[in-house]
Amino acid sequence: MKIKRFPGGLHPPEHKSTAARAIEPCSLPDELVIPLAQHIGAPAEPCVVIGDTVAKGQVIAQPRGFVSVPIHASSSGVVTAVEPRLHPMGRPLPAIVIKPDGRDAWPDGLEGGMNPLLVDPLTLPPSRLRDMVRNAGVVGLGGATFPTHVKLSPPGGKKINTLILNGVECEPYLTADHRLMLEEPERILAGIDILRRILGVERVCIGIEENKPDAIAVMRDACAQRDIEVIALKVMYPQGAEKQLIFAVTGRQTPSGGLPMDVGVVVQNVGTAAAVADAIIHGRPLVERIATITGPALVEPKNLRIRIGTSLRHLVAECGGLREEVVKVIMGGPMMGHTQLSLDVPAIRGTSGLLLLDKNAVATRSEGPCIRCARCVSVCPARLLPTTISAYARRDMIAEAERFNALDCIECGCCAYTCPARIPLVQSIRQVKGAILAKRRLS
Amino acid sequence: MLEAILSLGGVGFCAALALGFAAQKFAVEVDAREAAILEVLPGANCGACGFPGCGGYARAVASGAVAPELCPPGGPETVARIARIIGVAAIAVDPQVAVVICQGDQQRATEKYRYLGISDCRAAQKLADGPKTCPGGCLGLGTCAAICPFGAITMTDQHLAVIDRDKCVGCRKCVEPCPRQVIKMTPRSVSVHVLCNSHDKGALVRRYCQVGCIACQLCKKAAPEAYVIEDFLARVDYRHAVKPTAGVEVAIDKCPTHCIRDDNPPPAPVPDEKPAPQAA
Ligand code: SF4
Ligand code: SF4
Ligand code: SF4
């Protein structure tokens with residue numbers, strides 16, 4: 001059978017040196033800084049004040065609006081501050097600071113969760129399950145952090161018939177989802193059952209890239225009794241992007257400006273499925289996640305189970321500290337992650353990894369003129385003309401950029417990665433996307 | 001030969017008739033005043049008036065929809081001429097000039113990170129609020145310089161935007177695009193400015209900029225009428241600074257961080273120097 005894939009894309013060096021390292025727990029830090037903005041949508045509203053004692057898993061901030069989720073304390077302790085702190089987005093943003101008491105205790109002496117469910121979750125109505133997902137603060141853990149309950153509430157008229165689980169992990173360096181599939185497939189499957197019940201879908205597929213044959217085998221094994229397809233995909237970045245994954249798995253093309261639900265599909269990350277299972281079966285909110293802490297500047301790269309709010313400095317220390325001077329710190333993968341200003345920034349729900357690069361891994365050549373090689377055109381998975389859009393963007397020709405479908409750019413970075421002239425194509429396209437949206441808001 | 005002349009001539013004649021008819025039938029009435037106004041406008045088509053080009057503005061003024069003093073490049077002279085054409089009394093406009101109120105170039109102000117992206121201040125500002133540590137300082141990537149229709153803004157090689165007050169016509173086009181709002185419109189009659197845009201406290205400013213305002217109050221003590229200090233930042237009080245008695249310039253030498261500058265210095269005295277040695 002032909003190995004499935006999407007058009008365009010590229011295959012950067014994988015650097016997945018942590019693939020063989022089992023997930024380890026991370027020690028409790030001295031301080032947890034839990035930002036109120038950790039998801040796409042309105043930031044949460046704090047409901048604790050300085051001096052409050054909180055239990056692990058207790059709600060410390062309430063959602064504002066539908067596209068928003070609550071935030072929970074990731075360990076027990078005392079609230080020491082509610083103030084702006086440096087956020088992974090590069091500016092100080094409101095956060096709740098907790099000094100852990102070291103007991104790491106759930107409320108009322110419960111173990112490993114808040115209120116374990118006593119009935120079979122699959123007998124509950126979908127709306128109840130959806131509320132439970134929301135109350136547990138579950139967001140897309142692939143890195144986009146879109147509130148999961150919103151994705152699970154397709155507007156009336158949109159018929160969903162396929163659920164795709166994203167186990168692609170196409171970003172170089174990252175191995176968190178890989179380890180999760182190897183070590184805890186039952187959590188993922190329990191989550192899939194619940195997601196399936198909520199959406200009422202027939203077909204369920206798990207997409208995994210071929211470079212993880214062990215994960216494919218484990219998941220195939222685990223799915224043997226269930227009606228779930230495990231699909232091996234060609235190793236190709238950005239296979240994990242929603243529209244690309246949908247195309248690779250189902251052959252359906254999401255229309256320009258459309259959403260996955262327009263082609264009857266909902267995509268969820270495997271980590272999100274596991275978080276859904278925790279939320280429903282154990283009543284355990286999203287207070288921790290698995291992240292790959294790696295990079296050439298680090299002594300001992302690891303896959304860690306981290307509490308939300310742990311500082312990057314603590315994570316680095318947990319991995320044996322730095323081997324040499326770190327030149328660039330990236331939260332997430334190297335292709336789509338966010339460069340950090342400092343290690344004194346908390347890990348948040350979207351922190352799929354932490355990458356510490358030394359001077360050899362960071363190229364800082366400056367840009368040259370476009371040589372019209374069209375490499376950016378051939379790798380663009382959205383089938384755009386990056387060089388043309390970028391040229392318009394840099395001349396403030398907003399209407400022309402819009403005509404060339406700048407808004408369809410998924411900001412995967414393939415074009416800029418491949419450009420021999422080192423032109424910051426994505427940055428200029430992102431800039432003009434902002435300008436197009438601003439213009440639309442005005443008119 | 002003859003038929004060629006006749007047929008071409010015939011075609012030409014018919015076309016002339018049609019054109020003549022069309023010119024009569026579809027004639028656009030051009031207001032004589034509109035044409036006259038267009039004549040006195042500078043023709044820069046810069047858009048500072050808020051209309052698409054000088055033509056649009058001329059039409060709007062002729063129709064009485066807007067006032068005659070919206071053309072900053074034209075200055076008071078143009079206003080007076082337009083006022084004469086449409087028969088109203090000219091209102092004295094205070095000519096303005098744009099000033100970049102920052103001197104913190106690459107050498108004098110620190111950076112949070114090394115920026116390698118596109119030369120566009122707006123794009124840089126989106127990345128962790130811009131590479132400069134100071135939240136208000138000029139990013140020096142030249143967005144304003146690219147926009148200025150009069151070539152009045154130049155970038156120093158230390159990455160700071162500087163506006164030439166002789167070339168600036170006060171069209172304001174650079175003000176809004178600057179993501180740091182560091183370009184301010186000031187009355188042309190005052191040439192002394194406090195060149196800092198940081199509202200941080202003095203101790204913090206000192207940490208990231210050698211030429212930032214630390215709100216030490218010395219300028220205000222030297223010329224109480226001419227300066228105001230608000231939210232840890234001094235600025236010239238342009239309403240009073242125009243008065244010769246305000247003494248706005250006496251504070252220049254008092255500022256410990258040298259962030260007050262006179263943009264209109266008297267011609268420097270000829271330096272007392274030996275003549276350059278002749279080439280042998
Ligand atoms: S134009 Fe956008 S979608 Fe296409 S390769 Fe570049 S970043 Fe990716
Ligand atoms: S890859 Fe770079 S050099 Fe090649 S066509 Fe695209 S923009 Fe131009
Ligand atoms: S004044 Fe503003 S737009 Fe001009 S270079 Fe400085 S930051 Fe950029």
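Which domains does the domain assignment of chain A give? The assignment, automatic or from a database, gives domain 1 (25-109), domain 2 (121-282) and domain 3 (375-442).

## Basis of the model

This is a predicted model, in which local features need pLDDT of at least 70 and side-chain atom pairs count only at pLDDT 80 or more, while totals for chains, interfaces and linings use all residues. Residues are numbered from 1 along each chain as its sequence is written, and side-chain values use heavy atoms, with hydrogens and water left out.

## Domains 1 and 2 of chain A

The C-alpha centres of domain 1 and domain 2 of chain A lie 27 Å apart. Contact (heavy atoms within 4.5 Å) joins 11 residues of domain 1 to 13 residues of domain 2.

About 870 Å² is buried between domain 1 and domain 2 of chain A, 67% of it from carbon and sulfur atoms; buried area is the accessible area (1.4 Å probe) that two parts lose on being put together, summed over both. On the side of domain 1, Ile40(A), Phe66(A) and Val69(A) lose the most area to domain 2, together 52% of what that side buries.

## Chains A and B

Chain A contributes 12 residues to the contact and chain B 16. The buried area is about 1200 Å², with 49% given by carbon and sulfur atoms. Leu341(A), Gln427(A) and Gln431(A) lose the most area in chain A, together 45% of what that side buries.

Two salt bridges are counted between chain A and chain B. Arg91(A) forms a salt bridge with Asp129(B), with the closest N and O atoms 2.9 Å apart.

Methods: Chains lettered and ligands numbered in written order. Salt bridge = Lys/Arg side-chain N within 4 Å of Asp/Glu carboxyl O.
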